[in-house]
Amino acid sequence: MNPIQWATNPWGQRVPIHVAWFLIWVSAIAGLAFLVVHAIWIRYFVKPEEWRETAASASTIAEIPAEIKRHSLAARLFHWVMAAAMLVLLFTAFLPKVGYQFPWVTYHWIAGLVLIASIIFHIIHAAFFMDFWSIWPDKIDIADARNRARLIMGEAAPRPHRFAKYPFENKMYHLIIVLTGLSAAVTGGFMLLRVRTPFLTRNPYFFSDMTWGLMYVLHGLAGVGLISLITVHIYFALRPEKLAITRSMIFGSITREHFLEEHDPQRWNVASENPSATRPAESSAD
């Protein structure tokens with residue numbers, strides 16, 4: 001089966017026109033298969049994480065507030081707006097391909113504009129108002145990932161550090177979703193030239209047939225890829241051990257107990273980020 005649809009244009013050139021739609025089912029099944037395999041792996045094979053001892057001082061730990069801010073209101077609003085836009089884009093793009101017909105084009109390009117606007121906002125917000133590099137893997141993350149892999153295979157290896165602000169898995173997922181989301185958004189932005197909107201004059205001849213075809217293929221690959229990526233994302237958001245992170249995307253913070261269990265105060269200096277937060281009550285001897 002060819003994953004790309006091809007056609008012959010009026011000049012006799014063979015050009016790609018889109019991805020093959022069976023990839024919708026390939027991506028959906030791949031996402032569901034990951035859920036099943038991961039759930040079995042966690043249930044029957046994974047041992048409790050053993051962390052390397054933190055080098056943070058007692059005074060540093062004592063300064064950790066009871067509630068630790070993890071996501072600002074702006075970051076949370078971006079997340080939920082982007083999530084809604086992506087879900088609308090997926091449903092309007094693929095439901096007609098599996099038999100549910102409705103006038104989807106207008107809903108699709110409106111959701112696309114919302115996604116593009118939210119991504120532009122996030123880039124500016126992350127670059128100028130957030131710790132931009134905190135979401136990208138660093139040397140410690142990569143070394144710890146290698147050590148975890150060695151431990152899983154039964155080899156001797158150092159125990160991993162507790163996480164910085166974002167776990168390594170979050171950082172890698174973010175990197176993948178950035179590449180996929182930008183591919184869909186950039187190609188989708190150009191594809192607005194092929195539909196009638198109040199904002200742009202329709203111009204299907206802006207690119208050559210080959211360029212348009214490659215753009216549709218990239219857009220389609222990003223779209224079907226998002227099916228499995230979003231499925232996996234929702235799965236992890238609902239797992240019991242990840243509910244603290246999901247809670248932070250709703251309310252903005254994590255508890256001190258969760259922080260001390262999984263995060264390293266030296267890699268994530270929460271005291272400086274939460275100067276006005278409420279500290280845990282100090283016990284006093286009678």
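**Exercise 1. Arginine 150 and its partner**

Task: In this predicted model, is arginine 150 buried, partly exposed or exposed, and which side chain does arginine 150 meet in a salt bridge?

Solution. 
- Step 1. Start with the accessibility: arginine 150 has a relative accessible area of 33%.
- Step 2. Buried means under 20% and exposed means over 50%, with partly exposed in between. Arginine 150 is therefore partly exposed, at 33%.
- Step 3. Now look for the partner. The side chain of arginine 150 meets that of glutamate 155 in a salt bridge, at 3.7 Å from N to O.

**Exercise 2. A second pair, and a network**

Solution. 
- Step 1. The side chains of arginine 239 and glutamate 241 form a salt bridge, with 2.5 Å from N to O.
- Step 2. Arginine 239 has a relative accessibility of 13%, so arginine 239 counts as buried.
- Step 3. Glutamate 241, at 36%, is partly exposed.
- Step 4. Elsewhere, salt bridges with shared partners link Asp138, Asp141, Lys171 and Arg267 into one network. The structure holds seven salt bridges.

**Exercise 3. The faces of helix α1**

Task: Where do the buried residues of α1 lie when you look down the helix axis, and which elements do they pack against?

Solution. 
- Step 1. Get to know the helix. α1 has 22 residues and reaches 31 Å from its first C-alpha to its last, close to the 32 Å expected at 1.5 Å a residue.
- Step 2. List the buried residues: Leu23, Ile24, Ser27, Gly31, Leu35 and His38.
- Step 3. Look down the axis. The buried residues of α1 fall within an arc of 130°, so they line one face of the helix.
- Step 4. Find what covers this face: the buried residues pack against β2 (14–19), α3 (73–94) and α7 (209–238).
- Step 5. Turn to the face directed away from the buried side. The exposed residues there are Trp25, Ile29, Val36, Val37, Arg43 and Tyr44.

**Exercise 4. A nonpolar patch**

Task: Which helix gives the largest share of the nonpolar surface patch?

Solution. 
- Step 1. Name the members: Val36, Ile40, Trp41, Tyr44, Phe45, Val46, Ile152 and Met153. Together they have about 870 Å² of accessible area.
- Step 2. Sort them by element. Helix α1 (residues 23–44) gives the largest share, with four residues.
- Step 3. Take one member as an example. Tyrosine 44 is found in helix α1 and has a relative accessible area of 58%, so tyrosine 44 is exposed.

**Exercise 5. A histidine in α6**

Task: Is histidine 174 buried or exposed, and which residues does histidine 174 touch?

Solution. 
- Step 1. Locate histidine 174 in helix α6 (residues 168–191).
- Step 2. Its relative accessibility is 18%, so histidine 174 counts as buried.
- Step 3. Leaving aside residues up to four places away in sequence, histidine 174 touches Ile135 and Trp136.

**Exercise 6. The whole chain**

Task: How many helices and strands does the protein chain have, and what share of its residues count as buried?

Solution. 
- Step 1. Count the elements: there are 10 helices and four strands.
- Step 2. Read their order from the N terminus: β-β-α-α-β-α-α-α-α-α-α-β-α-α.
- Step 3. Consider the extent. The C-alpha trace spans about 90 × 45 × 35 Å along its principal axes.
- Step 4. Of the 286 residues, 37% count as buried.
- Step 5. Finish with the surface: the chain exposes about 17400 Å², and carbon and sulfur atoms supply 67% of this area.

Terms used. Residues numbered from 1 in each chain as written. Predicted model: local features only at pLDDT ≥ 70, side-chain atom pairs only at ≥ 80, totals over all residues. Heavy atoms only, no water. Patch = residues over 30% accessible without salt bridge, like charges linked within 9 Å, V, L, I, M, F, W, Y side chains within 5 Å. Areas by Shrake-Rupley, 256 points an atom, 1.4 Å probe, with all protein chains shown as cover. Salt bridge = Lys/Arg side-chain N within 4 Å of Asp/Glu carboxyl O. Helix = DSSP H or I, 4+ residues; strand = E, 2+ residues; numbered from the N terminus. Buried < 20%, exposed > 50% of the residue type's maximum accessible area, 1.4 Å probe, protein only. Expected span 1.5 Å × (residues − 1). Arc of directions from axis to C-beta. Contact = heavy atoms within 4.5 Å.
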